[in-house]
Amino acid sequence: MKRLMALLVILFAPAFAGTLPAKVRIVSTLDDFSSIAESIGGDLVEADSLAKGYQDPHFVDAKPSFILKLSRADLLIVAGLELEIGYLPPLIDQSRNARIHPGNPGYLDVSTGCEILQRPTGQVTRAMGDVHPFGNPHYWLDPDNGRIIARSVAAKLSELDPGNRATYEKNLAAFEAKLAEKDREWLAKLAPFTGAEIITFHNSWPNFAKHFRLNVVGNIEPKPGIPPTPSHTLEIINLIKSRNVRAILVEPYFDLKTPKFVAGKTGATALVFYPSVRGTPEIKDYFAIFDVDVEALAKVLGGKNR
Amino acid sequence: MTRRSFRGLAATFVVLSALAPAAAQDQPPPASAEEVRLLRQEIEALKAQVQALTAQIGALGAPAAVPPPEAAPAPPEFAAPAAAPSQTSNYFNPSIAAIGNFLGVGGSNHTENLPSMSLRESEVSLQAVVDPYARADFFLSFAEEGVEVEEGFASFTTLPGGLLAKVGRMRPAFGKINTLHLHVLPWVDEPLPLVNFLGGDEGWVGTGVSVARMIPLPGDIFSEVTLQAFRGEAEGLFEAPSRGDLAYNGHYRIFSDLTEASNLDVGLSYAQGPNGLTDHSDTRLEGVDATFRWKPLRTATYRSASLRGEYVRSRKELLAETETAGGWFLSGEYQLAKRWFAGARVERADRADDAALQDRGLAAILTFWPSEFSQLRGELRRRTYASGETADEALFQIQFAIGAHGAHPF
């Protein structure tokens, strides 16, 4: 009898395996959300992303290989605020996957609930450059928003996969605890530089600056999306000199030529600053973005790099 | 509001905002019971003051609009920016955009005699989701005189079986360039094989139905089969003597990422339709297209290159015999800097009616994008026509887009 049972188990095991709930397949537009989703989902999810961490998230090509990824997704996580407007809508339409269409349960816009800065209140025209009428879309660079994103993801995973709700909740609690602990470290490292004035290449860092009490006084870009012009660069040089700004933060996907020129003229440091997971191989998860950036910035502001 | 009451309010806010960060600090010094009592008293007094002042404001008839404290929490749902109540009925309006395409031409050409200056096209697009099952896209093309529907179709995006259907007027998936609108081409003009075999300057536009099925191949290679049936009439290409004569198109596309920075897109096309010369005469078209793209992701907005080409063969049944003609183009584009692109194109195509007649062309293109929404392009073009004429021309194009931000073409 026992032998018969064993035989039956062996014979039907593959069939049972097939009926076991498979992993929740997540596709995020950014590695940052995939990283958070992996923290919450653990072994229960399989997360993939479209844009690379060292790629300008505004300009991602709508490659058909992304259609394949989306066609198999149970959950699509997006930044929203029109950050993905240039490539995502046609990919979703061609995905043949109704689950992830906006408005359906498999579509999650994690900007919901986050603190969004620089939402224009007056008239918006493109004379201002490539502005985002719904507010600055680089909001995940505030750990407080990271916590809200994690909560949204946990709630969504519990909705899609209610059987594992307890695990998602446990992992969320662990994520929040680690984030709180890490955040204290980060804040402590930058505390000596409260109110420090910085220049950034693109307007990607308002949330970061707010959280760490820094003051962004100018951008290398004269207007969002418009490359540096000589007159604006001169203005920035004068600004840096007059206010003794020490750091110029440059996203990895921008040309370092102008920031380095400005740095050379002023004595400030042009620092490659990573806005996303895997922006550099060292940044393996959401926490590491701040580990790396905070460490580097503290060094520059502390004057050890000079 | 009187100056005194304003001062009182301001003082209240100073006190409140001073309290807020204090409360947020991690480890406040332990307060004695006496201190707590005093603070309570003070808060009660302030509350009374705020109430009195609010009443005062109300009595003055001023709107009781109190600016929220600076650290107000973000609203959970993002609201549309500053939408006036009167606009609420516009929420479901489609995304609207208009693109102007201005062309100036210098030099002389007696075969393709373009005007010296023209607003060649003003394209208005209206795009929105219809319901949970479909979306609709309209592209209305306004010439200087007259309008035509360049495309207008519904896409059914939630069909089972990996299918995607489109119904309406659309640019058939014959090759790659024919599916693209004039304003997204990497050149000022359509290449010769499209002009000679697909119905002229505007290419082939058909009215009918299209069904596409995705067939994933091993190794995460994307492939898709598209089958399309159109009314048997298309300007300069098909002409149907009777209603039952339809035009058909089939396209198979394979796309593969070669590396993270490069990819290859290959397509095979076959189309057939009545040419109207006799009751049963057809024109058959076969095509091969290939596009290679290179774009290192880290410097994607500064440096990229692409190489593309198409070959088209036309077999047109004339009164007595079948005329077989062929044509191709090969084109490359290189991004020099964030906003600068240089390109070149070689093209050659027989005439569909008489393969002994061949047109040839060479072109060099320089494009500058002041922003994502405008584009300046110059093209130096030499075309040698079957008639023997060699035309050297300079084409200058300015394009400008307003309205909704569309997806970038790929």
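Student: How many other C-beta atoms lie within 10 Å of A:Arg96?

Tutor: A:Arg96 has 19 other C-beta atoms within 10 Å, so it is partly exposed. Buried takes 20 or more such atoms, exposed 12 or fewer, and partly exposed is in between, with C-beta atoms placed from the backbone. This is a predicted model: local features need pLDDT of at least 70, side-chain atom pairs count only at pLDDT 80 or more, and totals for chains, interfaces and linings use all residues. Residues are numbered from 1 along each chain as its sequence is written, while chains are lettered from A and ligands numbered from 1 in the order in which they are written.

Student: Where is A:Arg96 found?

Tutor: A:Arg96 sits in the loop between H4 and strand E4 (107-109) of chain A. Helices (H or I, at least four residues) and strands (E, at least two) are DSSP runs, numbered from the N terminus. Look at the backbone too. A:Arg96 has a positive phi of about 55°, yet it is not a glycine.

Student: Which loop holds A:Glu82?

Tutor: A:Glu82 is in the loop between strand E3 (75-78) and helix H4 (88-94) of chain A. Its phi is positive as well, about 65°, and A:Glu82 is not a glycine. With 17 other C-beta atoms within 10 Å, A:Glu82 is partly exposed. A:Ile85 has its place in the loop between E3 and H4 of chain A. A:Ile85 counts as partly exposed, with 18 C-beta neighbours inside 10 Å. Now follow the fold. A:Ile85 and A:Phe59 are 26 residues apart along the chain, and their C-alpha atoms are separated by 9.4 Å.

Student: What confidence does chain A average?

Tutor: Read pLDDT, the predictor's confidence in each residue, from 0 to 100. Chain A averages 91, and 92% of its residues score at least 70. Residues 7-20 of chain A stay under 50, and the model gives them zero contacts beyond four places in sequence. A contact takes two C-beta atoms, placed from the backbone, within 7 Å. Where pLDDT is low, the predicted coordinates should not be read in detail.

Student: How many helices and strands does chain A come to?

Tutor: Chain A has ten helices and eight strands. Its C-alpha trace spans about 90 × 40 × 30 Å along the principal axes. Of its 306 residues, 48% are buried. Take the contacts in chain A between residues at least 6 apart in sequence: 61% of them join residues at least 24 apart.

Student: How many helices and strands does chain B have?

Tutor: Chain B has three helices and 16 strands. Of its 410 residues, 27% count as buried. Among chain B contacts between residues at least 6 apart in sequence, 54% join residues at least 24 apart.

Student: At what angle do H6(A) and H10(A) pack?

Tutor: H6(A) and H10(A) pack at about 10°, with their axes 9 Å apart. That makes H6(A) roughly parallel to H10(A). The label follows the angle: under 35 degrees is roughly parallel, over 145 roughly antiparallel, 65 to 115 roughly perpendicular, and the rest oblique. Residues from H6(A), including A:Lys178 and A:Trp186, meet residues from H10(A), including A:Phe290 and A:Leu297.

Student: Which residues of H2(A) meet H6(A)?

Tutor: A:Ser39, A:Ile40 and A:Gly41 in H2(A) meet A:Tyr168, A:Asn171, A:Leu172 and A:Phe175 in H6(A). Helix H2 (residues 31-41) and helix H6 (residues 165-190) of chain A pack at about 120°, with axes 7 Å apart. H2(A) and H6(A) are therefore oblique to each other.

Student: Which residues touch the most other members of the largest nonpolar core?

Tutor: A nonpolar core is a set of buried Ala, Val, Leu, Ile, Met, Phe, Trp, Tyr and Cys residues joined through C-beta atoms within 7 Å. The largest has 89 residues, and A:Ile40, A:Ile77, A:Val153, A:Ala247 and A:Ile248 touch the most other members. Helix H10 (residues 286-301) of chain A gives this core its largest share, eight residues. Leaving out residues up to four places away in sequence, A:Ala247 touches several residues, among them A:Ile198, A:Leu297 and A:Leu301.

Student: How many residues of chain B are in contact with chain A?

Tutor: 34 residues of chain B are in contact with 42 residues of chain A. Strand E5 (163-170) and strand E8 (246-257) of chain B each supply at least two residues of that side of chain B.

Conventions: Axes fitted to C-alpha atoms, helices over the stretch in contact; angles between N-to-C directions.
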